[in-house]
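Hello,

Here is the structure for your files. My notes follow below it.

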Amino acid sequence: GFLVYSVGFPAAVLVVLVQRRRSARESAALKWLSDSFQPKSFYFEAVLLMRQALVIVAANTPIDLQVSDTSVREMRVLFVLSACILLHCLYRPFDKRKYAL
């Protein structure tokens with residue numbers, strides 16, 4: 001169940017957004033998925049959903065089943081979040097045209 005939700009749902013969102021790229025901004029059913037992002041970053045909702053799944057996996061997957069080392073888990077979560085911050089800084093996906101910034 002977790003794999004379907006953590007990978008399948010973001011993948012399904014990405015497929016729907018890519019297939020209906022032009023109509024996603026006009027369609028009321030899909031507008032909430034891409035409205036807060038710049039047009040070139042219409043797919044970023046799927047990236048944010050995948051980030052959540054990666055943080056959960058990084059925090060809860062043990063390295064060795066007999067040893068529970070929290071510092072290694074913390075480093076994995078820190079790596080995932082750092083990579084996401086880097087992606088955010090590189091792509092700047094959020095739409096700021098509404099706010100005249």
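Ser 6 sits in helix H1, residues 2-19 (helices are DSSP runs of H or I, at least four residues, numbered from the N terminus). Ser 6 is buried, at 5% relative accessible area (buried means under 20%, with a 1.4 Å probe and protein chains only). Leaving out residues up to four places away in sequence, Ser 6 touches Met 50 and Ala 53 (contact means heavy atoms within 4.5 Å).

This is a predicted model: local features need pLDDT of at least 70, side-chain atom pairs count only at pLDDT 80 or more, and totals for chains, interfaces and linings use all residues. Numbering starts from 1 along each chain as its sequence is written, and side-chain values use heavy atoms, without hydrogens and water.

Next, the helix pair. The axes of H1 and H4 come within 8 Å and cross at roughly 165° (axes are lines fitted to C-alpha atoms over the stretch in contact; angles run from 0 to 180 degrees between N-to-C directions). H1 and H4 are therefore roughly antiparallel (over 145 degrees). The contact includes Phe 2, Ser 6 and Pro 10 of H1, and Met 50, Ala 53 and Ile 56 of H4.

Now the core. The largest nonpolar core has seven residues: Val 13, Leu 17, Leu 30, Leu 33, Phe 42, Ala 46 and Leu 49 (a set of buried Ala, Val, Leu, Ile, Met, Phe, Trp, Tyr and Cys residues joined through side-chain atoms within 4.5 Å).

Best wishes

Note on methods:
Helices (H or I, at least four residues) and strands (E, at least two) are DSSP runs, numbered from the N terminus. Buried means under 20% relative accessible area, exposed over 50%, partly exposed in between (1.4 Å probe, protein chains only). Angles under 35 degrees count as roughly parallel, over 145 as roughly antiparallel, 65 to 115 as roughly perpendicular and the rest as oblique.
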